[in-house]
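Dear colleague,

Please find below the structure that I am handing over to you. My notes on its contents follow directly after it.

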Amino acid sequence: MTNRSVIVDNFLIKQRFSTSLHLFHQRCVYRSTMTTNDQTQIDAEQLHNEVRKHYARHALGNPPTIPCCSGDTEATSCCRTDDATSDAACCDSNAACCDSNAGDSTTAKTACCGDDEFEKQARLLGYSKDETNAVPEGANLGLGCGNPVAIASLRAGETVLDLGSGAGFDCFLAARAVGITGRVIGVDMTIEMLSKARANARNAGYTNTEFRLGEIEALPVADASVDVIISNCVINLCPDKRPVYREAFRVLKTGGRLAVSDVVAHEVLDNKVRQDLALHCGCLAGASPIDELRTILLEAGFTEISIRPKSNSDEVISSWETKRGFESKIFAAEVMAVKPGK
């Protein structure tokens, strides 16, 4: 081994140790501060575990709801049954999704909620046919509340970070935009999603994309190393948004940009909704009120803050849940901000 190799190896070891130490500190701070928050909030660890289980099922091809984000088993836009023989009746042409807990789940999924539903939902969220055709098979799981890549104004050579990268859909679109001189990092806390994304990247030959295991409240990413942060309907799943945006600010370079699709509330949601695990996992109960979110972004250090409804927000929200009128309580938002220069 040459002296240069030894120097490089030692540098990488120190860098990884420093990053690991930072993550340990951040996680301890995050866990300790959760007790000071509104006590009506759901337990953070419990919610993380439920979210992992919920999206692990999506990754494994047996999602609780397809293709909508909602986890509400009473939603009229989704359906579930313990009787596999009733799938056809359950999932007619007007149903957005279905689930079966009996029989051949793969056959049931293909019969009533296949790739066509994922494509249909992707169009609703703002993805073009060219975009869905461009990503590896299995990357589009019909999840999200928008198209963050479309609002990110990505440029060749930039480094992009995706918070909650799932099967890699937005990462692969970002990789096309930044080109071979750019780099895309996806972070996800669900091992099954991470494995799926890595397999997708490997099978499709993506060399400028990597996927890391981690929680977005304590990012496994170095300080000031990212040009743009994207995310698609994930930050709402965190019980406390403050550490997420603090971490986003930390890893962005000066002048770095935030381009996030997420759900935001018009006003504070009632306690019964906020305590509902299924609604949390379905991206309905964890939406921050718009004024609170703006304050969180300001306190994190961001400027040029914009929080605007997606043009077809009501249609997106009602595609998940139609019984309780959530489109009047929350909206699919495009959240943008900048880390200012010194």
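A polar contact is here a pair of N or O atoms within 3.5 Å; within protein, one must be able to donate a hydrogen and the other to accept it, and residues adjacent in sequence count only if both atoms are side-chain atoms. The model is a predicted one, in which local features need pLDDT of at least 70 and side-chain atom pairs count only at pLDDT 80 or more, while totals for chains, interfaces and linings use all residues. Residues are numbered from 1 along each chain as its sequence is written, and side-chain values use heavy atoms, with hydrogens and water left out.

I begin with N236. The side chains of N236 and D262 are joined by a polar contact of 2.7 Å. A polar atom of the N236 side chain also lies 3.3 Å from the backbone oxygen of C233. N236 belongs to the loop between β6 (226–232) and α10; helices (H or I, at least four residues) and strands (E, at least two) are DSSP runs, numbered from the N terminus. With a relative accessible area of 0%, N236 is buried, where buried means under 20% relative accessible area, exposed over 50%, and partly exposed in between (1.4 Å probe, protein chains only). Its contacts (heavy atoms within 4.5 Å), leaving aside neighbours within four places in sequence, include K241, V263, H280 and C283.

D240 lies in the loop between β6 and α10. D240 is buried at a relative accessible area of 6%, and a polar contact of 3.0 Å joins its side chain to that of R242. In helix α10 (residues 242–251), seven of the 10 residues are buried, so the helix is largely enclosed by the rest of the structure. Among those buried are P243, Y245, E247 and R250.

Turning to the cysteines, a disulfide is taken as a pair of cysteine sulfur atoms within 2.5 Å. By this rule the count is zero. C233 is in no disulfide, the nearest cysteine sulfur being that of C145, 3.1 Å away. C233 is buried, with a relative accessible area of 3%; C238 is buried at 6%.

The next topic is nonpolar packing. A nonpolar core is a set of buried Ala, Val, Leu, Ile, Met, Phe, Trp, Tyr and Cys residues joined through side-chain atoms within 4.5 Å. The largest has 55 residues, and those with the most contacts inside it include L154, I230, V263 and W320. Helix α8 supplies the largest share of this core, seven residues. Another core, of 31 residues, lies apart from it, with V234, V251, I307 and A337 among its members.

Aromatic rings of Phe, Tyr and Trp (its six-membered ring) pair if their centres lie within 6.5 Å; planes under 30 degrees apart count as stacked, over 60 as edge-to-face and the rest as tilted. The whole structure holds four such pairs. The rings of F172 and F211 have centres 5.8 Å apart and planes at 65°, so this pair is edge-to-face. The pair links distant parts of the chain, with F172 in helix α8 (residues 169–178) and F211 in strand β5 (residues 209–213), 39 residues apart. F172 is buried, with a relative accessible area of 0%, and F211 is buried at 5%. Together with Y206, F172 and F211 form one aromatic cluster.

Yours sincerely
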